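Open the model in your viewer and keep the selection panel at hand. The stops below go from one selection to the next.

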Amino acid sequence: MDIKSAKYYNNIDGKACGIYCTIDDVEVAVPLDPDNRHYTEIQRQVAAGTLTIEDAD
Amino acid sequence: MALTKLRPAGQGFVNGNRNLIINGAMQVAQRGDTTGISNANSGYYGPDRYKFNEDGTMSAVVSIAKETLTSGNAFNDGHLYAYKLSVTTADTAVAADIYTRITHRFEKDNLASLSKGTSSAKAVTLSFWVKATVTGTNVVEFFDQVNSRQVGATYAISSSNTWEYKTVTFPADTSGALGNGNGLAAEINFVLQAGSNYTSGTLDTSWASETTANRAAGHNSNHFSSTSNTFHFTGVQLEIGDVATDFEHEDYGTTLAKCQRYYEQLLNHNGSFNVIATLRSGTDYRTQWLFKTEKRGTPTMGGSFSATITTTYISTQLASYYKSNGDFYGSATLTADAEL
(Lines give C-alpha, C1' and ligand atoms only; values in the text may rest on other atoms or scores of the structure.)
Protein backbone atom coordinates (compact mmCIF):
# COMPACT_ATOMS: atom_id res chain seq x y z
CA MET A 1 0.00 0.00 0.00
CA ASP A 2 1.62 3.24 -1.20
CA ILE A 3 0.78 5.99 1.33
CA LYS A 4 1.92 9.58 0.87
CA SER A 5 1.24 13.06 2.23
CA ALA A 6 -0.31 11.97 5.53
CA LYS A 7 -1.69 14.78 7.67
CA TYR A 8 -4.06 14.78 10.63
CA TYR A 9 -7.25 16.78 10.30
CA ASN A 10 -9.60 18.10 12.95
CA ASN A 11 -13.36 18.16 13.20
CA ILE A 12 -15.17 21.43 13.59
CA ASP A 13 -14.59 21.25 17.34
CA GLY A 14 -10.85 21.20 16.81
CA LYS A 15 -10.36 17.56 17.79
CA ALA A 16 -8.22 15.25 15.64
CA CYS A 17 -10.60 12.88 13.89
CA GLY A 18 -8.72 11.48 10.92
CA ILE A 19 -5.79 11.50 8.55
CA TYR A 20 -5.83 12.94 5.07
CA CYS A 21 -3.44 11.09 2.78
CA THR A 22 -2.95 9.65 -0.67
CA ILE A 23 -3.20 5.87 -0.91
CA ASP A 24 -2.26 4.30 -4.23
CA ASP A 25 -2.67 7.72 -5.86
CA VAL A 26 -6.17 8.30 -4.47
CA GLU A 27 -6.86 11.07 -1.93
CA VAL A 28 -8.70 9.70 1.08
CA ALA A 29 -9.73 10.54 4.62
CA VAL A 30 -8.81 7.73 7.03
CA PRO A 31 -10.58 7.51 10.41
CA LEU A 32 -8.61 6.89 13.60
CA ASP A 33 -10.11 3.43 13.98
CA PRO A 34 -7.95 0.36 14.70
CA ASP A 35 -10.48 -1.77 12.78
CA ASN A 36 -9.82 0.26 9.64
CA ARG A 37 -7.25 -1.50 7.46
CA HIS A 38 -5.83 1.77 6.08
CA TYR A 39 -5.34 3.19 9.57
CA THR A 40 -3.67 -0.06 10.63
CA GLU A 41 -1.30 0.17 7.67
CA ILE A 42 -0.53 3.83 8.40
CA GLN A 43 0.34 2.89 11.99
CA ARG A 44 2.54 0.07 10.74
CA GLN A 45 4.44 2.35 8.37
CA VAL A 46 4.85 5.02 11.04
CA ALA A 47 6.24 2.42 13.45
CA ALA A 48 8.60 1.21 10.73
CA GLY A 49 9.81 4.75 10.23
CA THR A 50 8.76 4.90 6.59
CA LEU A 51 5.87 7.36 7.02
CA THR A 52 5.42 10.56 8.99
CA ILE A 53 2.07 12.17 9.75
CA GLU A 54 1.99 15.96 9.75
CA ASP A 55 0.09 17.81 12.44
CA ALA A 56 -3.29 19.28 11.62
CA ASP A 57 -3.52 22.93 10.59
CA MET B 1 -6.90 -34.27 3.16
CA ALA B 2 -10.23 -36.11 3.39
CA LEU B 3 -11.96 -37.08 0.20
CA THR B 4 -14.83 -34.80 -0.67
CA LYS B 5 -18.26 -36.30 -1.16
CA LEU B 6 -20.60 -34.87 -3.74
CA ARG B 7 -24.30 -34.72 -3.00
CA PRO B 8 -26.41 -35.63 -6.06
CA ALA B 9 -27.88 -32.67 -7.91
CA GLY B 10 -31.24 -31.61 -6.56
CA GLN B 11 -30.61 -33.13 -3.15
CA GLY B 12 -28.78 -30.16 -1.66
CA PHE B 13 -29.76 -28.56 1.62
CA VAL B 14 -32.73 -26.26 1.38
CA ASN B 15 -31.88 -23.84 4.18
CA GLY B 16 -30.59 -20.41 3.10
CA ASN B 17 -27.40 -18.56 3.98
CA ARG B 18 -25.28 -21.66 4.05
CA ASN B 19 -22.68 -20.03 1.80
CA LEU B 20 -20.18 -18.14 3.98
CA ILE B 21 -18.76 -16.43 0.88
CA ILE B 22 -20.22 -13.04 -0.07
CA ASN B 23 -20.65 -12.47 -3.83
CA GLY B 24 -19.72 -16.02 -4.77
CA ALA B 25 -21.49 -15.58 -8.10
CA MET B 26 -19.44 -12.42 -8.90
CA GLN B 27 -22.61 -10.44 -9.55
CA VAL B 28 -21.57 -7.27 -7.75
CA ALA B 29 -18.60 -5.23 -8.99
CA GLN B 30 -19.09 -1.73 -7.65
CA ARG B 31 -15.54 -0.58 -8.40
CA GLY B 32 -15.61 -1.73 -12.02
CA ASP B 33 -12.72 -3.19 -13.98
CA THR B 34 -9.12 -2.20 -13.29
CA THR B 35 -6.00 -2.36 -15.47
CA GLY B 36 -2.34 -1.82 -14.66
CA ILE B 37 -2.27 -3.59 -11.29
CA SER B 38 1.40 -3.95 -10.40
CA ASN B 39 3.75 -4.39 -7.47
CA ALA B 40 2.57 -2.96 -4.12
CA ASN B 41 -0.97 -2.62 -5.47
CA SER B 42 -2.67 -5.18 -3.25
CA GLY B 43 -6.28 -4.14 -3.09
CA TYR B 44 -9.87 -4.69 -4.11
CA TYR B 45 -10.59 -4.68 -7.84
CA GLY B 46 -13.35 -6.08 -10.03
CA PRO B 47 -16.00 -8.20 -8.29
CA ASP B 48 -16.63 -7.09 -4.69
CA ARG B 49 -15.11 -8.79 -1.64
CA TYR B 50 -12.11 -10.32 -3.46
CA LYS B 51 -8.72 -8.83 -2.70
CA PHE B 52 -5.82 -9.13 -5.09
CA ASN B 53 -3.07 -9.81 -2.59
CA GLU B 54 0.65 -9.93 -3.22
CA ASP B 55 3.77 -10.19 -1.11
CA GLY B 56 7.27 -9.85 -2.44
CA THR B 57 8.26 -7.76 -5.42
CA MET B 58 5.81 -8.69 -8.16
CA SER B 59 7.12 -7.99 -11.65
CA ALA B 60 3.93 -8.93 -13.48
CA VAL B 61 1.19 -6.45 -14.33
CA VAL B 62 -2.41 -7.66 -14.44
CA SER B 63 -5.97 -6.54 -15.15
CA ILE B 64 -9.03 -7.63 -13.20
CA ALA B 65 -12.59 -7.56 -14.52
CA LYS B 66 -16.10 -8.84 -13.99
CA GLU B 67 -16.67 -11.17 -16.92
CA THR B 68 -20.05 -11.97 -18.43
CA LEU B 69 -20.34 -15.64 -19.31
CA THR B 70 -22.21 -16.80 -22.39
CA SER B 71 -21.04 -20.40 -22.73
CA GLY B 72 -19.03 -23.13 -21.03
CA ASN B 73 -19.57 -25.49 -18.14
CA ALA B 74 -19.90 -22.78 -15.49
CA PHE B 75 -22.47 -20.94 -17.61
CA ASN B 76 -24.35 -24.18 -18.15
CA ASP B 77 -24.39 -24.64 -14.36
CA GLY B 78 -26.19 -21.31 -13.97
CA HIS B 79 -23.35 -18.83 -13.56
CA LEU B 80 -23.66 -15.60 -15.53
CA TYR B 81 -20.54 -13.81 -14.26
CA ALA B 82 -16.96 -14.59 -13.28
CA TYR B 83 -13.87 -12.94 -11.86
CA LYS B 84 -11.35 -12.61 -14.67
CA LEU B 85 -7.66 -11.85 -14.24
CA SER B 86 -5.59 -11.14 -17.36
CA VAL B 87 -1.82 -10.79 -17.56
CA THR B 88 -0.51 -7.71 -19.38
CA THR B 89 3.15 -7.97 -18.34
CA ALA B 90 4.44 -11.49 -17.76
CA ASP B 91 6.70 -12.84 -15.01
CA THR B 92 8.40 -16.00 -16.22
CA ALA B 93 10.75 -16.47 -13.23
CA VAL B 94 8.89 -16.49 -9.92
CA ALA B 95 11.13 -14.91 -7.28
CA ALA B 96 11.51 -16.73 -3.96
CA ASP B 97 9.59 -14.07 -1.99
CA ILE B 98 6.57 -13.87 -4.30
CA TYR B 99 3.18 -14.90 -2.91
CA THR B 100 0.32 -13.72 -5.07
CA ARG B 101 -3.25 -14.82 -4.41
CA ILE B 102 -6.89 -13.80 -4.58
CA THR B 103 -8.20 -13.46 -1.04
CA HIS B 104 -11.69 -13.56 0.42
CA ARG B 105 -11.78 -12.28 4.00
CA PHE B 106 -14.30 -13.07 6.73
CA GLU B 107 -15.17 -11.08 9.82
CA LYS B 108 -15.32 -12.87 13.15
CA ASP B 109 -19.07 -12.98 13.74
CA ASN B 110 -19.64 -14.43 10.28
CA LEU B 111 -17.60 -17.55 11.06
CA ALA B 112 -19.30 -18.37 14.36
CA SER B 113 -20.87 -21.50 12.85
CA LEU B 114 -17.42 -23.10 12.47
CA SER B 115 -17.08 -23.34 16.30
CA LYS B 116 -13.38 -23.04 15.61
CA GLY B 117 -11.17 -23.57 18.63
CA THR B 118 -13.70 -25.76 20.45
CA SER B 119 -14.30 -29.50 20.72
CA SER B 120 -17.32 -28.98 18.45
CA ALA B 121 -15.32 -27.47 15.60
CA LYS B 122 -16.70 -28.13 12.11
CA ALA B 123 -15.05 -29.02 8.84
CA VAL B 124 -15.87 -26.78 5.88
CA THR B 125 -16.06 -27.47 2.17
CA LEU B 126 -15.08 -25.03 -0.53
CA SER B 127 -16.46 -25.43 -4.03
CA PHE B 128 -15.91 -23.29 -7.11
CA TRP B 129 -15.64 -23.20 -10.87
CA VAL B 130 -12.23 -22.30 -12.32
CA LYS B 131 -10.80 -21.77 -15.81
CA ALA B 132 -7.15 -20.95 -16.49
CA THR B 133 -4.68 -21.01 -19.31
CA VAL B 134 -1.99 -22.64 -17.18
CA THR B 135 -2.61 -26.25 -16.17
CA GLY B 136 -1.08 -27.88 -13.13
CA THR B 137 -1.41 -28.16 -9.38
CA ASN B 138 -2.77 -25.23 -7.41
CA VAL B 139 -3.10 -24.50 -3.72
CA VAL B 140 -6.07 -22.96 -1.99
CA GLU B 141 -5.48 -22.00 1.62
CA PHE B 142 -7.66 -21.31 4.65
CA PHE B 143 -5.71 -18.98 6.93
CA ASP B 144 -6.71 -18.02 10.48
CA GLN B 145 -5.59 -14.40 10.89
CA VAL B 146 -6.41 -14.30 14.62
CA ASN B 147 -4.16 -17.17 15.66
CA SER B 148 -1.83 -17.35 12.63
CA ARG B 149 -2.86 -20.89 11.79
CA GLN B 150 -3.10 -22.44 8.35
CA VAL B 151 -4.47 -25.35 6.40
CA GLY B 152 -4.19 -25.93 2.68
CA ALA B 153 -5.49 -28.12 -0.09
CA THR B 154 -4.47 -28.74 -3.67
CA TYR B 155 -6.59 -28.94 -6.78
CA ALA B 156 -5.64 -29.64 -10.37
CA ILE B 157 -6.44 -27.57 -13.42
CA SER B 158 -6.39 -30.30 -16.01
CA SER B 159 -7.43 -28.64 -19.27
CA SER B 160 -6.30 -25.24 -20.47
CA ASN B 161 -9.00 -22.58 -20.83
CA THR B 162 -11.78 -24.96 -19.82
CA TRP B 163 -14.22 -24.46 -16.95
CA GLU B 164 -13.72 -27.13 -14.26
CA TYR B 165 -15.62 -27.64 -11.02
CA LYS B 166 -13.51 -28.14 -7.90
CA THR B 167 -14.22 -29.00 -4.29
CA VAL B 168 -11.89 -29.28 -1.32
CA THR B 169 -12.67 -29.94 2.34
CA PHE B 170 -10.76 -28.27 5.15
CA PRO B 171 -10.81 -30.21 8.42
CA ALA B 172 -12.14 -28.90 11.71
CA ASP B 173 -9.77 -26.99 13.97
CA THR B 174 -10.22 -27.54 17.70
CA SER B 175 -7.50 -24.96 18.41
CA GLY B 176 -7.49 -21.24 17.81
CA ALA B 177 -10.81 -19.64 18.64
CA LEU B 178 -11.64 -16.73 16.35
CA GLY B 179 -13.47 -14.63 18.93
CA ASN B 180 -16.32 -12.31 18.12
CA GLY B 181 -16.88 -8.87 16.67
CA ASN B 182 -16.32 -7.16 13.33
CA GLY B 183 -12.59 -7.72 13.00
CA LEU B 184 -10.70 -9.91 10.58
CA ALA B 185 -11.06 -13.61 11.41
CA ALA B 186 -9.76 -15.66 8.52
CA GLU B 187 -9.34 -15.76 4.78
CA ILE B 188 -9.47 -18.08 1.82
CA ASN B 189 -6.50 -17.66 -0.54
CA PHE B 190 -6.57 -18.83 -4.16
CA VAL B 191 -2.85 -18.96 -4.93
CA LEU B 192 -1.69 -17.65 -8.31
CA GLN B 193 2.07 -17.44 -7.88
CA ALA B 194 4.23 -18.82 -5.07
CA GLY B 195 8.00 -18.55 -4.77
CA SER B 196 10.22 -21.05 -3.03
CA ASN B 197 9.89 -19.27 0.32
CA TYR B 198 6.27 -20.47 0.29
CA THR B 199 6.66 -23.85 -1.41
CA SER B 200 9.82 -25.42 0.02
CA GLY B 201 8.07 -27.20 2.91
CA THR B 202 5.15 -29.60 3.11
CA LEU B 203 1.56 -28.49 2.72
CA ASP B 204 -0.35 -28.47 6.02
CA THR B 205 -3.46 -30.53 5.24
CA SER B 206 -4.40 -30.41 8.92
CA TRP B 207 -4.51 -27.12 10.81
CA ALA B 208 -1.09 -26.03 12.01
CA SER B 209 0.70 -22.94 13.25
CA GLU B 210 1.92 -20.64 10.50
CA THR B 211 4.96 -21.88 8.64
CA THR B 212 5.73 -19.80 5.58
CA ALA B 213 7.48 -22.61 3.70
CA ASN B 214 4.37 -24.80 3.98
CA ARG B 215 1.75 -22.29 2.89
CA ALA B 216 1.73 -23.13 -0.81
CA ALA B 217 3.82 -26.30 -0.93
CA GLY B 218 2.81 -28.28 -3.99
CA HIS B 219 1.68 -25.24 -5.99
CA ASN B 220 3.46 -25.50 -9.34
CA SER B 221 1.39 -23.17 -11.53
CA ASN B 222 2.67 -19.73 -12.51
CA HIS B 223 -0.46 -18.03 -13.80
CA PHE B 224 1.56 -14.94 -14.78
CA SER B 225 4.00 -16.75 -17.08
CA SER B 226 2.68 -15.24 -20.33
CA THR B 227 0.65 -12.27 -21.51
CA SER B 228 -1.76 -14.74 -23.07
CA ASN B 229 -2.67 -16.17 -19.63
CA THR B 230 -5.98 -15.64 -17.90
CA PHE B 231 -7.43 -16.97 -14.64
CA HIS B 232 -11.20 -17.03 -14.09
CA PHE B 233 -13.33 -18.31 -11.25
CA THR B 234 -16.92 -18.14 -10.07
CA GLY B 235 -19.57 -20.04 -8.11
CA VAL B 236 -17.50 -19.86 -4.94
CA GLN B 237 -19.14 -21.47 -1.93
CA LEU B 238 -17.79 -22.24 1.55
CA GLU B 239 -20.12 -24.24 3.75
CA ILE B 240 -20.13 -26.25 6.92
CA GLY B 241 -19.55 -29.98 6.51
CA ASP B 242 -17.62 -32.28 4.21
CA VAL B 243 -20.12 -32.21 1.36
CA ALA B 244 -20.27 -29.70 -1.47
CA THR B 245 -23.91 -28.87 -2.07
CA ASP B 246 -25.47 -27.07 -5.00
CA PHE B 247 -24.45 -23.42 -5.28
CA GLU B 248 -26.76 -21.16 -3.29
CA HIS B 249 -27.89 -18.52 -5.79
CA GLU B 250 -28.87 -15.21 -4.21
CA ASP B 251 -30.78 -12.26 -5.59
CA TYR B 252 -28.69 -9.28 -6.67
CA GLY B 253 -30.13 -6.85 -4.12
CA THR B 254 -29.27 -9.11 -1.19
CA THR B 255 -25.71 -9.62 -2.40
CA LEU B 256 -25.29 -5.89 -3.08
CA ALA B 257 -26.36 -5.02 0.46
CA LYS B 258 -23.94 -7.58 1.89
CA CYS B 259 -21.14 -6.10 -0.20
CA GLN B 260 -22.04 -2.56 0.84
CA ARG B 261 -21.31 -3.44 4.46
CA TYR B 262 -17.68 -3.35 3.27
CA TYR B 263 -17.68 -0.86 0.38
CA GLU B 264 -20.15 1.61 -1.04
CA GLN B 265 -19.93 4.39 -3.56
CA LEU B 266 -22.03 7.38 -4.40
CA LEU B 267 -21.67 7.98 -8.10
CA ASN B 268 -21.21 11.24 -9.89
CA HIS B 269 -24.06 11.22 -12.39
CA ASN B 270 -22.81 13.15 -15.40
CA GLY B 271 -21.61 16.07 -13.32
CA SER B 272 -24.79 16.54 -11.36
CA PHE B 273 -24.55 17.07 -7.62
CA ASN B 274 -24.64 13.82 -5.71
CA VAL B 275 -25.27 15.47 -2.35
CA ILE B 276 -27.31 18.48 -1.33
CA ALA B 277 -25.56 20.93 0.93
CA THR B 278 -27.31 23.08 3.49
CA LEU B 279 -26.37 26.69 4.13
CA ARG B 280 -25.95 26.63 7.90
CA SER B 281 -25.06 30.27 8.49
CA GLY B 282 -23.33 32.98 6.49
CA THR B 283 -21.28 31.06 3.95
CA ASP B 284 -20.93 27.93 6.13
CA TYR B 285 -22.25 24.93 4.18
CA ARG B 286 -22.81 21.44 5.62
CA THR B 287 -23.84 18.16 4.08
CA GLN B 288 -23.95 14.47 4.93
CA TRP B 289 -23.79 11.24 3.00
CA LEU B 290 -26.03 8.70 4.71
CA PHE B 291 -24.84 5.24 3.72
CA LYS B 292 -27.36 2.79 2.29
CA THR B 293 -25.88 0.06 4.48
CA GLU B 294 -24.22 0.40 7.86
CA LYS B 295 -20.54 -0.32 7.51
CA ARG B 296 -18.54 -3.07 9.18
CA GLY B 297 -16.31 -0.41 10.77
CA THR B 298 -15.55 3.26 10.30
CA PRO B 299 -14.77 3.53 6.59
CA THR B 300 -12.01 5.30 4.72
CA MET B 301 -13.60 8.05 2.65
CA GLY B 302 -12.45 8.56 -0.93
CA GLY B 303 -13.30 11.19 -3.48
CA SER B 304 -13.66 14.87 -2.76
CA PHE B 305 -15.95 17.67 -3.79
CA SER B 306 -13.14 20.16 -3.99
CA ALA B 307 -9.90 20.89 -2.18
CA THR B 308 -11.51 23.30 0.26
CA ILE B 309 -14.25 20.98 1.50
CA THR B 310 -13.47 19.13 4.70
CA THR B 311 -14.53 15.70 5.87
CA THR B 312 -15.55 16.43 9.42
CA TYR B 313 -17.02 13.25 10.79
CA ILE B 314 -17.06 9.62 9.71
CA SER B 315 -19.05 6.85 11.33
CA THR B 316 -20.35 3.46 10.29
CA GLN B 317 -23.59 5.16 9.19
CA LEU B 318 -22.60 8.46 7.59
CA ALA B 319 -19.91 10.90 6.57
CA SER B 320 -20.33 14.63 7.00
CA TYR B 321 -18.61 17.45 5.20
CA TYR B 322 -18.43 21.18 5.52
CA LYS B 323 -17.14 24.19 3.68
CA SER B 324 -16.67 27.39 5.54
CA ASN B 325 -16.56 29.80 2.67
CA GLY B 326 -18.40 29.76 -0.61
CA ASP B 327 -20.55 27.46 -2.65
CA PHE B 328 -20.62 23.72 -2.05
CA TYR B 329 -19.67 22.04 -5.27
CA GLY B 330 -20.37 18.33 -5.21
CA SER B 331 -19.90 16.27 -8.33
CA ALA B 332 -17.29 13.70 -7.39
CA THR B 333 -17.85 10.00 -6.96
CA LEU B 334 -17.56 9.34 -3.24
CA THR B 335 -16.45 6.03 -1.75
CA ALA B 336 -16.67 4.50 1.71
CA ASP B 337 -14.28 1.58 2.24
CA ALA B 338 -14.58 -0.67 5.30
CA GLU B 339 -13.05 -3.77 3.75
CA LEU B 340 -11.10 -6.15 5.92
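Select B:Lys295 first. This lysine is buried, with a relative accessible area of 1%. Buried means under 20% relative accessible area, exposed means over 50%, and partly exposed lies in between (1.4 Å probe, protein chains only). The model is predicted: local features need pLDDT of at least 70, side-chain atom pairs count only at pLDDT 80 or more, and totals for chains, interfaces and linings use all residues. Side-chain values use heavy atoms, with hydrogens and water left out; residues are numbered from 1 along each chain as its sequence is written, and chains are lettered from A and ligands numbered from 1 in the order in which they are written.

B:Lys295 forms a salt bridge with B:Glu264, with the closest N and O atoms 2.6 Å apart. A salt bridge here is a side-chain nitrogen of Lys or Arg within 4 Å of a carboxyl oxygen of Asp or Glu. The pair links distant parts of the chain, 31 residues apart: B:Lys295 is in the loop between strand 18 and strand 19 of chain B, and B:Glu264 is in strand 16 of chain B. Helices (H or I, at least four residues) and strands (E, at least two) are DSSP runs, numbered from the N terminus. B:Glu264 is buried, at 0% relative accessible area.

B:Lys292 is exposed, with a relative accessible area of 59%.

Next, select residues 310–314 of chain B, which form strand 20. Of its 5 residues, 4 are buried, so strand 20 is largely enclosed by the rest of the structure. Strands pair if DSSP finds at least two bridges between them. Which residue of strand 21 stands opposite B:Thr311? Pick B:Tyr321. A hairpin of 3 residues joins strand 20 to strand 21 of chain B.

Stay in chain B for a cluster. B:Arg31, B:Asp48, B:Arg49 and B:Glu339 are linked in a network of salt bridges.

Finish in chain A. Select A:Asp2 and A:Lys4: they form a salt bridge, closest N and O atoms 3.4 Å apart. A:Asp2 is partly exposed at 31%, and A:Lys4 is partly exposed at 41%.
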